[in-house]
Amino acid sequence: MKAAPFAYVRPGTVADVVAELSREGSKVIAGGQSLVPVLAMRLGRPAQLIDINAVPELSALSRDNGSLRVGATVRQRQLQREQVAATVPLIRLALPWVGHREVRSRGTVCGSIAHADPSAELPAVAACLEATMVLTSARGTRQVPAVDFFTGALSTVIEPEELLSEVVFPVAKPGEGFGFGEFARRHGDFALAGVAVRVRTTGESVDARLTCFGVSDVPVSVDVSSQLHAALETTGPDPSRADLLSALAEHTPDVADDVVDTTGDSHASPAYRRQLISALAAREVSRAYVSARDSESEGRSR
Ligand SMILES: Cc1cc2nc3c(=O)[nH]c(=O)nc-3n(C[C@H](O)[C@H](O)[C@H](O)COP(=O)(O)OP(=O)(O)OC[C@H]3O[C@@H](n4cnc5c(N)ncnc54)[C@H](O)[C@@H]3O)c2cc1C
C-alpha cells in the first residue's frame, strides 16, 4: 500500500513551522520512523507534512545550568554519542533498547515523546526524570511537566497547532543513581514491559521513583521509597546488590499488581507482565540504589 497524497513543506524557521501548523490537517515529520509506516499503511492521512529538519535552532543539544535541552530534531543516536548527554545517565541506559542503530540514527528524541507509544522507552525516561516539554505555537510557548503530558495511548496534550520544540531533562546530581531494564521477545522490538528508576540518597534520606512502561496506556510512575526502606531494614544500609535484590523481591509483586492495568494482548497476559515488572523493578531499583550510594560517596571524597 502507498501513502495517500499529501502536500509537503520544509520551512527554515520556527515561526514558519508554527504558521504552517495552523493550517488544518497538518502534521510534523521529524525522523519519520513512526510516521512513515503510519502513512504507508494509511492509518493516517494528513493533508500536509511539515518537515522540521531544515530549522537550525531545533537541532540544539545543550547543557544549561542543571538541565539538558534537547531540540526537536536531535537524533536519538546523538544522545548516545555526544558527551553532553552523559549528564543524563538514564537516557544513555535506555537508548540501546530503542529499535536498532539505523532507527536511532533517524528517529528523534522529541518525536518518540510526541508519538507516545505506551511501550516506548523515551516517554518513560521523561516521566521518571520529571522532564519538561516545551510546546510552541503561533500563540507563544508553554511548558508542560511530563506527569501532565501523556494522556493515553499515542495521545498527549500537544494541540494540532503546537510543535514540541524541545524537551528539558534534569542533569544527574551527586547521590543519584539510575536503572533501566525491559523485556522484549527480540532485541529491537517494543518492550512487553519495562522499568526506569531514579534513586536519590542524601545522608540518611533515600527516595526511589519507579516508572513502568508497556503495562498501561501511559508511563506509570510510583514512589517506591517505602519498599526500598523496608528492604534496607532487612539488609542493613550497605548491602551488596544481590542481597538488596533478594530483599526487594519480597516487595515488588505488590507494586506490580498496582501498576499493570492492561487487559493483555496477543503478546502477553496481564499476569505475565506483572511478573516481568516485579522482577525488573527489584533488579533495577537495587542497581540504582548501589549506583546512588557510590555516587554519593564519590561526591564526599572529592
Ligand atoms: C523498525 C523500528 C523499530 C522501532 N523500535 C522502537 C523501540 O523499540 N522503541 C521505541 O521507543 N521506538 C521504536 N521505534 C520508533 C522510533 O523510536 C521513532 O523514531 C520514534 O517513535 C519517533 O521519532 P521520529 O523522529 O521518527 O518521529 P516521526 O515518525 O517523524 O513522528 C512521529 C509522530 O510524532 C509527531 N512529531 C514528531 N516530532 C514532533 C514534534 N517535534 N512536535 C510535534 N509532533 C511531533 C509526528 O507528527 C508523528 O505523529 C521503532 C521504529 C522502527 C521503524
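Colleague: Which helices each supply at least two residues of the lining of the largest cavity?
Modeller: Helix 9 (225-235) and helix 12 (270-301). Keep in mind that this is a predicted model.

Colleague: And which residues line that largest cavity?
Modeller: The lining is made up of Leu210, Val224, Gln227, Leu228, Leu248, Thr252, Ala281 and Val285. By class, that gives six nonpolar and two polar residues, with no charged ones.

Colleague: What volume does the largest cavity have?
Modeller: About 30 Å³. The count of cavities of 30 Å³ or more comes to one.

Colleague: OK, pockets now. How much space lies in the largest pocket?
Modeller: The largest pocket holds about 1,300 Å³ of space. Its lining has 47 residues, and those nearest the centre are Ser34, Leu35, Gly111, Ala114 and His115.

Colleague: How do the lining residues of that pocket divide into nonpolar, polar and charged?
Modeller: There are 25 nonpolar, 16 polar and six charged residues in the lining of the largest pocket.

Colleague: Where does the largest share of that lining come from?
Modeller: From helix 6, which gives five residues. Several elements each supply at least two residues of the pocket lining: strand 2, helix 2 (35-40), helix 6 (109-115), helix 7, strand 9 (155-156) and strand 10 (163-170).

Colleague: You mentioned strand 2. What order do the strands have in the open sheet of three?
Modeller: The order is 1-3-2, and the pairing is parallel. Strand 1 (7-9) and strand 2 (26-29) are the edge strands, each pairing on one side only. On average, neighbouring strands in this sheet are turned by 25° against each other, ignoring direction.

Colleague: How many bridges join strand 2 to strand 3?
Modeller: Four, with strand 2 and strand 3 (residues 48-51) running parallel. If you want a spot to look at on screen, Ile29 stands opposite Asp51 in strand 3.

Colleague: Which strands does helix 1 lie across?
Modeller: Helix 1 (residues 14-21) lies across strand 1, strand 2 and strand 3, and runs at about 165° to strand 3.

Colleague: Now the open sheet of four strands: is the pairing parallel or antiparallel?
Modeller: Antiparallel, with the strands in the order 11-12-13-14. Strand 11 (176-183) and strand 14 (220-223) are at the edges with a single partner strand each, so one side of each has no neighbour in the sheet. The twist from one strand to the next averages 15°.

Colleague: Over how many bridges do strand 12 and strand 13 pair?
Modeller: Nine bridges, in the antiparallel sense, between strand 12 (residues 193-202) and strand 13 (residues 205-213). Val199 stands opposite Ala208 in strand 13.

Colleague: Which helix packs on that sheet?
Modeller: Helix 7 (residues 121-129), which touches strand 11, strand 12, strand 13 and strand 14. The direction of helix 7 makes about 155° with that of strand 13. Helix 7 also supplies at least two residues to the lining of the largest pocket.

Colleague: Last bit, the big picture. How many helices and strands are in the protein chain?
Modeller: The protein chain has 12 helices and 14 strands. Its radius of gyration is 20 Å, close to the 19 Å that the globule rule gives for 302 residues, so the chain is as compact as a globular protein of that length.

Colleague: And what does the C-alpha trace span along its principal axes?
Modeller: About 65 × 50 × 30 Å.

Methods
Residues numbered from 1 in each chain as written. Predicted model: local features only at pLDDT ≥ 70, side-chain atom pairs only at ≥ 80, totals over all residues. Heavy atoms only, no water. 1 Å grid on protein atoms, 1.4 Å probe; cavity = no way out; pocket = protein on both sides within 12 Å on 5 of 7 lines; lining within 4 Å. Points joined across faces, edges and corners; volume = space filled by probe spheres on them. Nonpolar A, V, L, I, M, F, W, Y, C, P; charged D, E, K, R; others polar. Pairing = 2+ DSSP bridges. Axes fitted to C-alpha atoms, helices over the stretch in contact; angles between N-to-C directions. Contact = heavy atoms within 4.5 Å. Rg over C-alpha atoms; globule rule 2.2 N^0.38 Å.
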